[in-house]
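Good morning, colleagues. Please look at the sequence and the model first.

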Amino acid sequence: MTEQRSVAIWRDGAAVAVPADEPVLTAYDQGLVRGDGVFESVAVVRGATPHLAPHLARLHRSAALLELAHPGDDVWRALVDAVLADWPADTEGLIRLLLTRGPGGDVPPTALALVSPVPEETLRQRTTGVSVVSLSLGIPADYRAQAPWLLGGAKTLSYAVNMAAYRHAHRLGADDVVLTSLEGQLLEGPTSTVAWAAGGTLHTPPTETGILPGTTVARLFEHAEAAGWPTARTRGTVEDLHAADAVWLLSGVRGAAPVHTLDGVRRGDADLTARVRELLGR
Ligand SMILES: Cc1ncc(COP(=O)(O)O)c(C=O)c1O
């Protein structure tokens with residue numbers, strides 16, 4: 001894989017390419033000081049971003065939830081084009097689109113894009129699968145829907161808790177996490193949506209629980225329905241995952257990572273992962 005990175009920032013009405021190691025933010029940017037901003041992670045496949053549109057729609061929603069001025073899709077598309085200008089078509093990439101509150105005052109929010117190769121480990125987990133531990137987020141499942149200050153459903157830059165959950169899982173010898181509510185309802189992974197197959201239906205938790213509305217699960221469910229595989233938004237528990245025919249962690253960059261171990265218990269995959277991959281187109 002070619003080790004390659006590229007950065008572009010929106011300045012004076014244009015997408016400006018900047019050397020990857022050059023500083024682009026003031027130290028006073030509220031995205032840095034308070035994690036006050038939103039972002040998206042977009043897959044680059046064969047040099048293109050085939051699923052950019054739903055990510056841009058979610059970026060709009062996230063910005064609105066944080067009351068951040070949104071620069072418009074043309075800006076994001078120009079930034080994506082700028083960072084992909086020299087991107088090798090044979091390297092799967094990960095573009096991050098960042099919108100921060102900026103330094104404040106009259107200065108508009110900061111919009112930038114960066115691309116890097118998808119880590120080898122992420123690519124591997126698509127085929128080898130992942131071992132997962134369940135960890136509680138400690139919030140009632142229906143709380144975030146009535147507490148807008150908790151920013152449920154927004155993809156904010158404040159991912160320190162999500163990263164800490166990963167580190168905790170790694171200390172326990174696992175690869176990834178399924179977060180649960182205070183009452184034990186399934187929520188999501190730190191950077192993925194949980195989906196499972198049971199009773200001939202594909203399930204995922206409802207977004208009323210304050211989880212991020214995943215673009216990958218939306219695409220999978222649309223294609224599954226079209227192919228005659230019923231789908232449902234289900235308030236499941238970890239027990240439901242133990243009993244399921246198959247469980248996946250879904251995200252745009254990793255695709256469908258089958259869960260082979262849950263809380264130390266090996267679990268089977270009734271050969272459904274190939275079908276899920278086919279429906280996702282990768
Ligand atoms: C918390 C969280 N949930 C779910 C997802 C999956 O979203 P998507 O399928 O749009 O990549 C992500 C991915 O970034 C995430 O960070």
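I begin with aspartate 36 and arginine 101, whose side chains form a salt bridge with 2.6 Å from N to O; the term requires a side-chain nitrogen of Lys or Arg within 4 Å of a carboxyl oxygen of Asp or Glu. This is a predicted model, in which local features need pLDDT of at least 70 and side-chain atom pairs pLDDT 80 or more, while totals for chains, interfaces and linings use all residues. Residues are numbered from 1 along each chain as its sequence is written, and side-chain values use heavy atoms, without hydrogens or water.

The two partners are 65 residues apart: aspartate 36 sits in the loop between H1 and E3, and arginine 101 in the loop between strand E4 (93-100) and strand E5 (110-117). Helices (H or I, at least four residues) and strands (E, at least two) are DSSP runs numbered from the N terminus. In the whole structure, seven salt bridges are found.

How many aromatic pairs does the structure hold? There is one. The ring centres of phenylalanine 39 and tyrosine 159 are 5.0 Å apart and the planes stand at 85°, so the pair is edge-to-face. Pairing requires centres within 6.5 Å; planes under 30 degrees apart are stacked, over 60 edge-to-face, and the rest tilted. Because phenylalanine 39 belongs to strand E3 (residues 37-44) and tyrosine 159 to the loop between strand E6 (130-136) and helix H5 (160-171), the pair ties together parts 120 residues apart in sequence.

Tyrosine 159 brings us to the ligand, since one of its polar side-chain atoms lies 2.6 Å from a ligand oxygen; a polar contact is a pair of N or O atoms within 3.5 Å, and within protein, one must be able to donate a hydrogen and the other to accept it, with residues adjacent in sequence counting only if both atoms are side-chain atoms. For threonine 216 this distance is 2.5 Å; for glycine 252's polar backbone atom, 2.9 Å.

Notes: Phe/Tyr/Trp six-rings, centres within 6.5 Å; stacked < 30°, edge-to-face > 60°.
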